[in-house]
Each structure stands twice: as C-alpha cells, then as structure tokens.
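User: I would like to go through the labels used for this model and ask what each one rests on. Please begin with the terms for strands.

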Amino acid sequence: MKNKFTLMLFASIALTNLFISCDKDEDPELIEEQELITTVVLNITSDSAANQTVRWNMDTNQTPTISLQANQQYQVSVSFLDESDPADTEDITEEVKEEADEHQVFYEFSGVSISYTSGQGDVSDSANNPLYLNSIWTASSAGTGTARVYLIHEPTTKTSTSRGGFGGETDVEVDFTVVVSE
Amino acid sequence: MKHFVPLLLLILSVSTLKGQSCVYTIEGRVLDLHDNTPIFGAIIKIEGSDLFGQTDEQGYFKINQVCFGQAKLVVSHISCDPIDRTVTIRSDVKLNFELEHHINELSEIIISDDGLNQVNSSVNESQLNADQLTRLSNQNLAETLNSIAGVSSLKTGSSIAKPMIHGLFGSRVAIIANGMRMQDQEWGADHAPNVDLNGFESVQVVKGAAALKYAGDTAGGMILLSPERINLKDSLYGSTVLNGVDNGKGGSINTRLTRSFDNGYFISGHLNTKQFGDRQAPEYNLTNSGLKETSLGFRLGRTKILKGWEVNYRRFQNSTGILRSAHIGNIEDFLRALESNSPLRIEPFDYVINSPKQEAIHQNFKATYFNQYSDRSKLKLDYNYQISNRKEFDVRRGNRSAKAAIDLTLKTYDFLGSIQWKKDFEWNFEWGVNALLQDNFSNPETGVKRLIPDHQKYQAGTFLTGNYRPSNNFSWEWGFRFDQVIIDAQKFYDTSNWISREYNIRYAEFEQKDFGTQILTNPRLNFSNISAQTGFAVGIGESVETTFSYMLTQRAPNVSELFSDGLHHSLASIEYGFIGLQKETSHKLILGINTQNKFLSIGIDPYLNRVSNFIFIQPSGVELTIRGAFPVWEYQATDVLMWGWDANAKINLSENLKYNINAAYTYAQDILDAKPLIFVPPFSLFQQLSYTFPKSEIEIEMAHRFTATQSRFPDTNFRVNRIESGVIVQQEVDISTPPNGYHNFDLYFLLPLAKSNFKSTLRLIVQNLTNASYNDYLNRLRFYATEIGRAVQLQLVFNY
C-alpha cells in the first residue's frame, strides 16, 4: 500500500512538472543592442573650403575619403551614432560626453603628416584633459594616407601620443583615406 | 611511445613475482538483508584451510594471515544454508555480507566491497575518496581531479576550470551527480560545472561511455559524484572543515551533519561557503580574480536493503571575477596584452568582484525510489529537476556594467527509470528509459545579442546493459542505448548573415518573421543516436588483470555548436555556430593492464579514439567591425584520430613510505586537414612521495607535477595592421604557440590532533612551493597573466 502511494506521488510530481513545462513560450523578443555604434561621422569645416561630412558605416563598410589642403586649419568634429534602427538614430556621442573620464578620442595617421589640437566646443574630463570630440587638424605636406579614429573606453592614461600608451579597450577603430593636396 | 615499452616490461616482471607470504587480512561485517541488523555468530571460513572468523555481536569478523591468491569463503549461520563466494586476495580486503536469514528457502547473499560499486568492470576507473576530497575541499571539481592520469582541466583564468578526459571536454564529458547528469550549460568552454564537491563523499572517473545508463554521448568520459553512504544505525555524525589560504586572503567553511536511524530513516545536510579576494601571481596581483561561492544541500529518505526513497535538494551559487586585463576591445588591444610581460591593469588587492565576472545559481531537486521486488529484480526511479541561471557581466558603457550581458536560464526535467534483474549469480541485466525536457531562456533585458538562443530540447532514450561474471577472474559487459534528440530553437539571425551564408535558400522553411536587419527563425533539428559498449575483464594468473573495452558513442551537436553568436571579449574573436552540423560518432578502444601485489601496483591504459564528424571551433575568416577587423571562429566538423595512454604505479617502499606516480599522453590529429587539434593536453607526469610517522601518525607528502610543452598545435595566428610612427605595419598575432612546460611542487603536512571523541586533524598545504611563474597551455587566459603563485593553506578538520 505504502509502496503504491510513494510510486503514485512520484509519478504525479514528474507528470505535473512535465506539463507545466510544456507551455511553449511566445516568440522571443527582438533585442535592441544598446551599446552598438554603427556609424562614425566626421564633420570637417574650414574658412576656405566647402564643408565635408564623411561617414564610416558598418553596413556599407567602405573607407571614405577626406580631402584636405596642406597648411590649412580644419575644424573636425566627430560623432558616434547607432543607426541600427533607421527610424530611431541614437547619438552615442552624448554618452561619451557624460562619461568624459572613461573615454578618449584619439587620431592616428599614416602616410600623411597631420597634427591636431583641441578645438572649439571640445569637451574636457574632470582632470581637464581634452577628449578631442572637436579638434583642429593641420596637414604639413601633401600626400595620401590613412586617418584612424579611435574611441577608447577606460584608458589607463588620458595623455599619450600612441594608441598603446592610452591602454584601455578599443570601442571604435575605423580608417578614413586622407588626400592632402598642396 | 618510448615510455610504453619499459612500463610493459615492468608489468610483466612484476607479474612473475608471486606474493608468497600469508600476510593479508579479510575483515567485514555480516548483516541481515532485511533490516540491516548485525548477525551474531556467523562463521566465515576459507575453504581448504583452517582459517575462519566468527562475527561478534555487532556482526564484525576478521580473518588474519590469509594467503595471496584465490580464496573461497563459506559463510554459514545456524538458520541458513551455507553460502560460498570466491575472491582473489591481492591486498587486505573488506567485505560485507548481507545474509537472508529469516527465510530458510532463500539463500541469497549480496557482497559489496567496502568502496563503491564499480561502474563497469571492463574499464579501469579512478577514484577519489572522502579523505582526498577533504584535503582538496578548497578547490573546484576540475582541479581536484588533476591528480588522476588522463584528466586535465581547461581553464579560463585562475578559478574557472572544466574537467577534460583524454583531451575531450564539455558535452563529451558527463558529470553524474547522485545518479543524474548535471545539466548546467556544459557547452561553453569558459564556464565551470556548477557543483561543489563538499556535498559528495566520493568521485569516480570513468574514461569513455562506460555507463550507458546515464548517457551515451560521452566519448571523453564520465565523472560520477556519489553522496555519503548512510549508516543504517541510530547515529548522529558530521564534520566541519575550515580552510584558510594566504594567496587571495580567503578560505572556506564547510560543514555537514547526518542523522540516521536504525529503521532506515535519515536526514543529512551540508553547507559550504567560500570567499577569496584577488589572487597573486608570483610577480603581480591578479586584479579582479576574486571568488565567492555558497552551496548547500539536504537529503531526506529511508533506505533499507530492499527498498528505499530519497529526496535531495542542492543549491550552488557563485560569483567569479575574471581578470580585468582580459577584457579587451579589439585585436590590437589583444596584441598589446600579448606583448606585455605583465597584465596591463594591475590594481591593489581587493575582495570586490567587478565586471567582467560570471554569476551562476544552480538548483537541483531530485527524488529517488527503489524497490527490490524479489531477490532477482529491482526497480529504480529517479526524477530530477534542475534550474541553472548563468549571468556574465562585461565592462560596458553608460553604467551598464551592472547589467548582465548574458543572462541564461536553463530548466531541465529529467526522468530515469530502470529495472535490474539477474539470472543466477552470473548474469545481470538492466533495462531502462530516460526522458528529458529542457528549456533555455535568454533574457532580452541584457541589451546584447543572444549568445545562445531560446530553445527547447527533448530527449528520449532507452538502454539495455548486462554483464556476465562466471568467476572472479572473468567478466563480460555489454550495453546498448538509443536516444532521440529534438532541438527546437527560436533564433534571431542578422539578415545579412542569413543571406550571405545562403541559409535563406537552404533553410527557408525555418524562417519565421522578418524584422528588417534581423530575421527570426525556428529551426527544428532531429537527431537519432546509437551507443554501444562491450568489454572484458580477464585475470591472468593471480596478479595480473587485463581489461578491454570498445565504445561506440553518438552525440548530437549542442546548442552552442549549432547557434552560438557573439563576441568573445577575452579572445578578441567572433564566434558563430553552424546550423548544418550533423551528429558526431566516436569509436573508442581502451585497453588496461594492471598488476598488483603487496608492494607494487602498476597499470597502463592505452586507448584509441576515432571520431568522425568531430565538432570543433576554428578560425574561418575575418569580419570588419566598427572596432576593426576581428577573426571569426566558426564551429565545423572534421574527422579526428586520437590515441594516448594513462599509466600509474604505486610502490610501498616500506610500511610508512609510499610512492605514487602517474603519467598521461594524448595525441590528436585532424585527419581531413592533416593538422593537430587545438587544446590537447601535453604530456604530463605527477608523482607523490609520502611518509607517515609510525607513532604520531603525522604525514608528510611531497607532490610534483611536470607538464611538458605542447609541441603539436594548429596555427590559428592572424594578422593586424598597426600604425607605428606614421606607418602601417602588418604584424602577426601569435595566439597559437603553447607556453613552455613547467614543474610545480606541492607540500602537505597532516597532524592528527588530540585523540578524543573527535577525530580532528590539522593540515598544512603549500601549493606551488617554489612560487614558480608559468603559463598553462590549457588556460584560455594564458595570454594575460601567469598562473597563481605560492599558496599556503591551513586546514582544520573536525569529525564528530
């Protein structure tokens, strides 16, 4: 008698559990990636030339070209966007500004000789280090090369002249072709 | 191979040595089969000699001066017919007899040796007993098993380790806890099994799919964890173990208590808590390598020889820090970490566990019922519910680090029912069914693409196993198992990936709903797996035993192999599953030669494993992302040949001085691509020398481990374009070359404390005695930091 009872109890626990679990869930929810950066936009203005807006986009995946003139000053402002939902573009640059201490923008050039300084409207962190969201670029000679844009998360230092020097994790690393004319 | 021949010679020479001396003891107990009461006055006689023993009021007996070789024991008691059983005496033996003495017509006895029942007599197995487990109570499962030849661990940093058997891990190694398979997302390489050994009394490792009852897809092997065996008498007992370790400034407290009654009822519980701060490598602090763990469990039941039931609950929770420096953004970050001699972020010691980290909660509820309806058949039912939650936290922007980037909940309902019966004493059979239902939910709140999709898995299996044991010197085992596995997943693919891989043509029927950039699919995959096993154990002469076993296993690809989709933050790689994977089939042959006498025991187990459709992950190309180019690793299948051997020898140099050595080698080759397989353990050797002082019972033990350099590895290097002083330089990232081999020394002291009612001991354990700085090939974070340095541990054990 007692045996049968134990058996029945056992079977009923097992069955109940099986039935509970058999309810098939509804369709899973679509996940909107929250930290995604899909696009890097450089807005380049100067007194002498027409404005240029170049975009590096994850989907098109092409290296856009920036045209500069040697020994001219250019105001370059960089923005990071999430365009994964075309109807709702998010400007990640705002997040970077809010967490200025944890972020750093850095430019590296190859094949061309370009120097940059902090520009008007740039944001600084709590230790007064410029983030270079707005910068002024000057090319010293003509040539063709690459401009590499970095957004660094939690750098170990905020003042360096090489990517390695900053440490931290790379959140963005995209290349633009640069053509500098005389 | 060069190690093989001398060992074989040694075995042969030992086998010709005959143990002439009559120095062995047989002791044990005779109990009533029904109510487990001791039987007083039973005579145990060795036939053909004048040696005999008589049980005392507690049922105990002892026979001294037993000779080496076969002995036929005759057990008799006033109210039963005499019963006999032949055993081979190679060492001191403990035997328990359970005598049916109420009913005269039944003359059944059950013999069990003092240890655990062997899972399969045609496959050699390795065990760790309660004492060995206590000593290692501070460590995780994989580390604990490292002293067994052929078992290694695949690690992620200093505290996450997965057991590896014969070079295989993950889904190819089953962990059977208290008779049911653990279902805790065993698929990810960087996730340790959610189990605390402190809740168990012994561990058995069987290489290969030797116990088809539990699973038929484990080409690597099985790890069986058994809970404490309950004393069938009125008693209250338990133990408390305290551990303190200087490295990581942490330790653990673990306690267990059992109350048992002579009518078979018992209740027992255990509680373990463990905490460590940052561990120290010889040269630096391993920032964010802390660990917090709590586990508890209880068992309640009634056990008698003929029937019993038990309910069991276990809960395991941990939070494991992952080395901060191992969280990187892209391959250039990775290259910088590789070029640096020390981690790029070193902060002062701390107990706090920050992101990146893993958090796991695993709960396990189990009910068991068994009934031996007659002396020949036994029914056993097991029901198991497991719920496993795994969260992984990354370093994220915008205060999102506190939000898990991976949040998976896996629920498993598992039923195992079996009937055992025997024909005479020689033939044993077991037939059973196994049904499993699994549901995985990936929490969308993470804001990160799902690594593992939502899915259900249904599995139904049936098995038939048997053995024939006509004498103590011969046994034949065989078994079959059939499993039907259905995986029903709901997965979002990036539309671009879905199209570029032509899945839209090949798997159009799975398409469910188009969300523009993503597409929802409902793949339903069906696999039929057949497993079989057969083997022999043959005794040659009196001191040599040989075993031979063949195993066929088939394994359905797991969900991560099929559908993985995500970025690996510490390896700078993108990992993709492959929906088109087919089942994996393995043929494994294991031989075993063992010889044993009072002074020396030697064993060698060579094996051969041919796997077709072996599923593994390897680099398949490069994907350009906003963070630069990333190597893409994709699950693929190939044919693999593996062979190797495990060997061990134990020498009793004197009564008090003991030496133990074991070694293992594995060769693994991808046959289709003619290249070595990745993550194959290199040759390793482990030796122990221990001395026990005769009077004080103080023990000193020195252990040495040598791990060779793995010289066989595939080239998985990739290139990166780095700008150096205004010029783009292409550089190779050497992710393939294994680190150099290393030696590691451990020291153990055991001091028995004052002999009172408590059997208490004090242990001093020093691990990595020389504070050696080394890297291990099987640690996936070896690029970032060395292994932990010297650790001095003090352990206090109270038994009551």
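Analyst: Two strands pair if DSSP finds at least two bridges between them. Helices (H or I, at least four residues) and strands (E, at least two) are DSSP runs, numbered from the N terminus. This is a predicted model, in which local features need pLDDT of at least 70 and side-chain atom pairs count only at pLDDT 80 or more, while totals for chains, interfaces and linings use all residues. Residues are numbered from 1 along each chain as its sequence is written, and chains are lettered from A and ligands numbered from 1 in the order in which they are written.

User: What makes β6(A) and β9 of chain A a pair?

Analyst: The two are joined over eight bridges in the antiparallel sense, β9 being residues 143–153; the definition asks for at least two bridges. Within this pair, A:Glu108 stands opposite A:Arg148 of β9(A). Both strands belong to an open sheet of four strands in chain A, ordered β3-β10-β9-β6 with mixed pairing.

User: Why are β3 and β6 of chain A called edge strands?

Analyst: Each of them, β3 (65–69) and β6 (103–110), pairs on one side only.

User: What makes β43(B) and β44(B) a hairpin?

Analyst: Strand β43 (residues 718–724) and strand β44 (residues 727–733) of chain B pair in the antiparallel sense over seven bridges, with two residues between them. B:Ser725 in the turn has a positive phi of about 40 degrees. B:Arg722 has B:Val729 in β44(B) as its bridge partner.

User: Why does A:Glu99 count as partly exposed?

Analyst: A residue is buried if 20 or more other C-beta atoms, placed from the backbone, lie within 10 Å of its own, exposed if 12 or fewer, and partly exposed in between. A:Glu99 has 15 C-beta neighbours inside 10 Å, so it counts as partly exposed. A:Glu99 lies in the loop between α2 (93–98) and β6 of chain A.

User: Which residues does A:Glu99 touch, and how is a contact defined?

Analyst: Two residues are in contact if their C-beta atoms, placed from the backbone, lie within 7 Å. Not counting residues up to four places away in sequence, A:Glu99 touches B:Arg397 and B:Gly398. Across the chains, 47 residues of chain B are in contact with 42 residues of chain A. The side of chain B that touches chain A has 22 nonpolar, 12 polar and 13 charged residues; Ala, Val, Leu, Ile, Met, Phe, Trp, Tyr, Cys and Pro count as nonpolar, Asp, Glu, Lys and Arg as charged, and the others, Gly among them, as polar.

User: What makes a set of residues a nonpolar core?

Analyst: Its members are buried Ala, Val, Leu, Ile, Met, Phe, Trp, Tyr and Cys residues joined through C-beta atoms within 7 Å. The largest such core has 114 residues, and B:Met222 is one of those with the most contacts inside it. The largest share of this core, eight residues, comes from strand β38 (residues 628–652) of chain B. Apart from it lies another core, of 32 residues, among them A:Ile37 and A:Val172.

User: How do you know that the radius of gyration of chain B agrees with a compact globule?

Analyst: The radius is taken over C-alpha atoms, and the globule rule is 2.2 Å times the number of residues to the power 0.38. For 800 residues a compact globule would have a radius near 28 Å, and chain B has 27 Å, which agrees. Of these 800 residues, 46% count as buried.
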